[in-house]
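This report describes selected local features of one protein model. The sequence and structure are shown first, and the description follows.

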Amino acid sequence: MRAFAFDAYKQPLHETDVPEPTIGIHDVLIKVEAAGLNHLDAKIREGEFKLILPYKAPLTLGHDLAGTVIEVGGSVRSLRPGDAVYARPRDHRIGTFAERIAVDESDVALAPTTISTIEAASLPLVALTAWQALVERGDVQPGQKVLIHAGAGGVGSIAIQLAKHLGAHVATTASSSNVDFLRELGADVVVDYRTQAFEEELSGYDLVLDSLGGENLAKSLRVLRPGGLTIGIQGPPTPAFAEAAGLNPVVRLAIAGLSRKVRAQAKKLGVRYEFLFMHADGSQLREIATLVDAGAIRPVVGATHPFTETATALDGLDKAGIRGKTVITLP
């Protein structure tokens, strides 16, 4: 079947023929009809996550999908052929840039019924990231103050809506051209990162969701109230993450060094920092689908490309400057 893969780290993504998926007893075979593009795909190809997420090449990329179930394993009970589904396959079983993929039943959910297949394909990774940051880790409560960086991006556009649904006061950073768009999504405060310093404009926040890392992360610690939490999805990883992931002692030591500075800064300020590397979860996708169908969350798709343009679309992801997600469509 047709797929887009790379042959070695830092090598280009290209179309190729790969074997048909093998279906385990707990798997569902899905015909991929649309797949979301994520920065994670580009970072894996560049080898940025080799320490914590080692893959063997050649590797078919792709972390988001929407499509139709065409076959189920012998122990599958919750899904059946013909179901319209969406999913973020678990790590080491990715590969949605392909015509078909076998996914563990527990990573799959029925797609929201009120949106298109393309919109459904844009959601899994970013919506799960937002859910795990704000609900699972952050336990955001009504009246709390939440800052979400890069609000017009894939994660940010969903996280703003989810935080607002949870009853939070929501601030975000973006360019001035996106102010009205982000207010429509639910942002109470929009800080123009080009002309304003968010760390001077904001204070007393309960939670920051940082998708940028570096100096932006360090500044984010300074807008928190005492005991507040910054969750970073760009990094650096923490020893707690390394232990939970079961990484070997040498990698744990390296990770401790990577995050030592930001952890020391957080401790000095009396706040907390955690690294989030989102995980696949079909049950969370079911809850997200309910919110989508209730109108609490709407997908934001800024661009679509045919399957044949997958490689160029991924290469241009950083330069695209689009709102929300880019999605590829399969014939």
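**Arg45 in helix α1**

Arg45 counts as buried because its relative accessibility is 9%, where buried means under 20% relative accessible area, exposed over 50% and partly exposed in between, with a 1.4 Å probe and protein chains only. Arg45 belongs to helix α1, residues 39-46; helices (H or I, at least four residues) and strands (E, at least two) are DSSP runs numbered from the N terminus.

Neighbours within four places in sequence aside, Arg45 is in contact with Phe6, Tyr9, Lys10, Gln11, Pro12, Leu13, Leu61 and Asp315, contact being heavy atoms within 4.5 Å.

**Basis of the model**

The model is predicted: local features need pLDDT of at least 70, side-chain atom pairs count only at pLDDT 80 or more, and totals for chains, interfaces and linings use all residues. Residues are numbered from 1 along each chain as its sequence is written, and side-chain values use heavy atoms, with hydrogens and water left out.

**Helix α3**

Helix α3 (residues 124-137) has a kink of about 30° centred on Trp131; the bend is the angle between axes fitted to the seven residues ending at a residue and the seven starting there. Of the 14 residues of α3, 11 are buried, among them Trp131 and Leu134. Just after α3, Asp139 adopts a positive phi of about 45°.

**Strand β9 and its partners**

Strand β9 (residues 145-148) pairs in the parallel sense with strand β10 (residues 169-174) over four bridges, pairing requiring at least two DSSP bridges between two strands. Lys145 has His169 as its bridge partner in β10.

With strand β12 (residues 205-210), β9 pairs in the parallel sense over three bridges. The bridge partner of Ile148 in β12 is Leu209.
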